[in-house]
Amino acid sequence: MSQTETDPKDDGLRLRARLRYLYHGSQPPAVKFRLTVIVIDFAIIAFFLASPILKNMGWAFYALDYLVAGLLGLDLAARAYAYSDIKDWLKRPIVWLDLFILATLLFPAWLFNLGFLRMLRLWTLLNSDFFWRTIGAKFDNTRVEGIVRALSGLITFVFVVTGFVYATFRGHDGIAGYIDALYFTVATLTTTGFGDVTLPGPLGKLLSIVIMLVGITLFLRLAQALIKPHKVRFPCDRCGLQTHDQDAVHCKACGNLLCIPDED
């Protein structure tokens, strides 16, 4: 082999090393790359949210749908190639969720009614190590992290249920469009009550009960995240407890003396 030629295996190793650096590295170029991926992810989630309305665009909607499928497919392929063990990567539930979302994009005519599950990507993104490892390079605030995680659960629940109501009960008792489904979900979740929009039959009543119970739980979790005392991330060198009160002198788990630096 001449000096100008390269072994394809070497090229593959260099590509894998480059992808690992971009997806897992801590240097500024890698962080900027992951921030770009996160911005694209939010754009994809916005498309998922608007899909019930955009579906009326006809061929333009399907063109946009396949463009999003291509972006998501490239991201999944790059993550898989950067992972050390593809079999271990496939054991992660979040991967199968992303693969299912990709399938709904590749076959929109057959799987569109299950498209409401695409909004689960918002929850998986905002609760992923990928997201917080990237954002943590800009700031490290456990209070903000707790609030964002709680808010992601609430927002994801609202729009997943809204999509399910729209796909299942469209045309019944006032559910004429996506806004009606969203209105019903929020009115039920907050237990405000309603008289103009109800779901028919036992399934409708059971769904309303589930929305109320889960919704109240998610609201309480968000309220707890908003009002609980601010903590700082400072691992205890004895027991490994990661977060402590801002003015803590001793670790509340093992009593070890702490030396938490001031934020100023």
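1. A crossing is called left-handed if the near helix is turned anticlockwise from the far one by less than a right angle, and right-handed if clockwise. By that criterion helix 2 and helix 3 cross in a left-handed manner, where helices (H or I, at least four residues) and strands (E, at least two) are DSSP runs numbered from the N terminus.

2. This is a predicted model, in which local features need pLDDT of at least 70 and side-chain atom pairs count only at pLDDT 80 or more, while totals for chains, interfaces and linings use all residues. Residues are numbered from 1 along each chain as its sequence is written, and side-chain values use heavy atoms, with hydrogens and water left out.

3. The axes of helix 2 (residues 28–54) and helix 3 (residues 59–82) come within 11 Å and cross at roughly 145°, the axes being lines fitted to C-alpha atoms over the stretch in contact, with angles from 0 to 180 degrees between N-to-C directions. Contact (heavy atoms within 4.5 Å) involves residues including I40, I44 and F47 of helix 2 and F61, L64 and V68 of helix 3.

4. Helix 2 bends by about 35° at F48, with the proline P52 following within four residues; the bend is the angle between axes fitted to the seven residues ending at a position and the seven starting there.

5. Overall, the protein has 11 helices and 2 strands, and 37% of its 264 residues count as buried.

Conventions: Buried < 20%, exposed > 50% of the residue type's maximum accessible area, 1.4 Å probe, protein only.
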